[in-house]
Amino acid sequence: MIRKYSLMSDLTVNSTNSVRKKCPPKDFVETHKFQGFGENETGNIPLTFIINAGDEYVLFEDFTENHNKTYFQVGSPTLGPEFLDDNLLVRVTTDSSEIPLEYNVPLSQTRAFQLENVRGVSVQLNNLPIFFQRQISFYLEKTFCISCSEGGTSNGM
């Protein structure tokens, strides 16, 4: 996991120079990346998982109460034309809905999602024999306010 820290701040401009004021701790923002690594690779480098048909796999869970904005990619490399009709079911749990959001991603594609207040991401292979295994890729980047419970969702994210 890669962590990037930053402070939200106000910029005050004087006639001779610029001065940056530090913000209160409630405006502290952090970004976590759940990603793989590779030689000479940069950007969104996904992790690779092998999953079994019929089983639901939890890829990410957030147990905090912090307001967040989450970007993630999920996909699967193409095996051949016989698998083009099969799907990967992606379930996303958020604070705004008691029922998980569900998306069907064809096995030959990669999809990107950006949602607010994500609490969990899980995947499941659909319409495949129970003995079937599949490689999937997953990348996630979550930016959150550490003390959003103090300031609500309107604290600058």
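View 1. Lys142 is buried, its relative accessible area being 7% (buried: under 20% relative accessible area; exposed: over 50%; partly exposed: in between; 1.4 Å probe, protein chains only). This residue belongs to strand β12 (strands are DSSP runs of E with at least two residues, helices runs of H or I with at least four, each numbered from the N terminus). The side chains of Lys142 and Asp62 are joined by a polar contact of 2.9 Å (a pair of N or O atoms within 3.5 Å; within protein, one must be able to donate a hydrogen and the other to accept it, and residues adjacent in sequence count only if both atoms are side-chain atoms). Setting aside residues up to four places away in sequence, Lys142 touches Glu30, Thr31, His32, Phe60, Asp62, Thr64, Asn68, Lys69 and Thr70 (contact: heavy atoms within 4.5 Å). The model is predicted: local features need pLDDT of at least 70 and side-chain atom pairs count only at pLDDT 80 or more, whereas totals for chains, interfaces and linings use all residues. Residues are numbered from 1 along each chain as its sequence is written, and side-chain values use heavy atoms, with hydrogens and water left out.

**View 2. Pairing partners of strand β12.** Strand β12 (residues 133–145) pairs with strand β4 (residues 28–34) in the antiparallel sense over six bridges (pairing requires at least two bridges found by DSSP). In this pair, Val29 stands opposite Cys145. Strand β5 (residues 47–52) is also antiparallel to β12, with six bridges, and Thr48 faces Ser137 across that pairing. Eight bridges link β12 to the antiparallel strand β7 (residues 68–75), where Gln73 is opposite Tyr139.

**View 3. The largest nonpolar core.** This core has 22 residues, and those with the most contacts inside it are Phe72, Val74, Leu88, Val90, Val123, Leu125 and Phe138 (a nonpolar core is a set of buried Ala, Val, Leu, Ile, Met, Phe, Trp, Tyr and Cys residues joined through side-chain atoms within 4.5 Å). At least two core residues come from each of β6 (56–61), β7, β8 (87–94), β10 (110–116), β11 (118–125) and β12. Strand β11 gives the most, with four residues.

**View 4. Contacts of Val123.** Neighbours within four places in sequence being left aside, Val123 is in contact with Ile51, Asp55, Glu56, Tyr57, Leu59, Val74, Leu88, Leu89, Val90 and Ile136. In the protein chain, 74% of contacts between residues at least 6 apart in sequence join residues at least 24 apart.
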